[in-house]
Amino acid sequence: MPDLDRATLDNARPAADWLPARPWNGLTVLDACCGAGGLSMGYYLAGFNVVGVDHKPMPNYPFEFHQADALDYVAKHGQDFDLIHASWPCQNKARVTAWRGNRNDHPDLITPGKALMKTIGRPWVIENVPEASWDGTLRPDYLLCGSQLGLNVRRHRVFETSWGGGGDLLPPCWHHKGLLPFAHKAERAYADAMGCTWMSKEEGRQAVPPAYSQWIAEQYLSHHRGPGALAEYANAHLTPLVADLLGGAR
């Protein structure tokens with residue numbers, strides 16, 4: 001990725017000093033509509049440096065942050081990143097919007113956002129609610145639930161990617177009796193169960209667990225760096241058992 005002095009472009013906020021140490025994989029991802037950083041954290045744990053952009057201030061976002069219009073920022077700076085992730089607002093698609101109001105009161109940013117990302121020439125990922133795939137707005141390359149990734153939460157999200165999916169197999173959802181559904185009366189517990197402990201419970205309403213994007217990032221690395229990329233990373237940085245599971249040579 002080319003060097004960018006983004007601080008000269010706008011009033012950037014640097015990353016937090018409490019982030020856990022992890023080796024950098026040499027890549028930087030732009031997280032558009034980043035919110036408080038649930039998915040950003042997953043990319044970070046997968047080895048990426050992360051830059052977030054959102055039109056709201058997001059004081060708890062833990063990585064380099066730019067307050068700006070996400071569409072404009074992607075158009076101006078998207079080519080400077082190795083990977084572009086976007087979580088365009090879901091209110092135009094979500095069933096809960098229809099239950100509480102009118103979907104048509106919210107603009108569809110997924111369609112223009114995807115069209116823009118396709119023009120940038122960089123690999124990309126779009127995350128949204130499953131309803132965004134029901135009408136064909138997004139192709140469901142991956143459909144993830146917390147129960148598939150060892151989390152005690154039920155939260156389905158669909159991902160369309162520039163590489164068209166594929167990769168590691170996951171078990172099906174298991175919505176067992178003790179699995180946490182989202183409920184306003186237990187927002188703090190739900191955010192913590194997602195792994196989003198640094199954000200407020202209100203921010204957690206819109207968050208997606210870091211485990212989702214960490215898994216997506218692993219599929220990206222496997223696809224774009226070849227099947228040996230994850231094994232090489234695992235041999236260098238992970239425990240022997242995890243390295244073996246990822247195809248390492250220990």
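Mentor: Two strands pair if DSSP finds at least two bridges between them; the strands (E, at least two residues) and helices (H or I, at least four) are themselves DSSP runs, numbered from the N terminus. The model is predicted, so local features need pLDDT of at least 70 and side-chain atom pairs count only at pLDDT 80 or more, while totals for chains, interfaces and linings use all residues. Residues are numbered from 1 along each chain as its sequence is written, and side-chain values use heavy atoms, with hydrogens and water left out.

The part to examine is strand β4, residues 83-86. On one side, strand β1 (residues 28-32) pairs with β4 in the parallel sense over four bridges, and A32 stands opposite A86 there. β4 also pairs with strand β5 (residues 124-128), again in the parallel sense, over three bridges. A86 takes part here as well, standing opposite I126 in β5.

In a regular strand the side chains alternate between the two faces of the sheet. In β4, L83 and H85 point one way and I84 and A86 the other way. All four are buried, where buried means under 20% relative accessible area, exposed over 50% and partly exposed in between (1.4 Å probe, protein chains only).

β4 is also part of what covers the buried residues of helix α2, together with elements including β1, β2 (49-54), β3 (64-67) and α4 (110-120). In α2 (residues 70-77), the buried positions are A70, Y73, V74 and H77. Those residues lie on the same side of α2, because they cover an arc of only 100 degrees around the axis, taken from the directions from the helix axis to the C-beta atoms. An α-helix has 3.6 residues a turn, so residues three or four places apart point the same way. At the start of α2, a side-chain oxygen of D69 comes within 3.1 Å of the backbone nitrogen of L71.

Further out, aromatic rings come in. The structure holds nine aromatic pairs; rings of Phe, Tyr and Trp (its six-membered ring) pair if their centres lie within 6.5 Å, with planes under 30 degrees apart counted as stacked, over 60 as edge-to-face and the rest as tilted. The Y44 and F63 pair is tilted, because the ring centres are 5.2 Å apart and the planes stand at 45 degrees. Y44 is in helix α1 (residues 38-45) and F63 in the loop between β2 and β3, so this pair ties together parts that are 19 residues apart in sequence. Y44 is buried at a relative accessible area of 10%, and F63 is buried at 2%. F182 and Y190 form an edge-to-face pair, with centres 5.5 Å apart and planes at 85 degrees. Y190 is buried at 2% relative accessible area, whereas F182, at 33%, is partly exposed.

Y44 has a further neighbour: R22 lies over the face of its ring, at 3.9 Å from the ring centre. For this, NZ of Lys or CZ of Arg must be within 6 Å of the ring centre and within 35 degrees of the ring normal. Elsewhere, Y43, F48, W163 and Y220 form one aromatic cluster.

As for the whole, the protein has ten helices and seven strands, and 49% of its 250 residues count as buried.

Terms used
Contact = heavy atoms within 4.5 Å. Polar contact = N/O pair within 3.5 Å; in protein donor to acceptor, adjacent residues only side chain to side chain.
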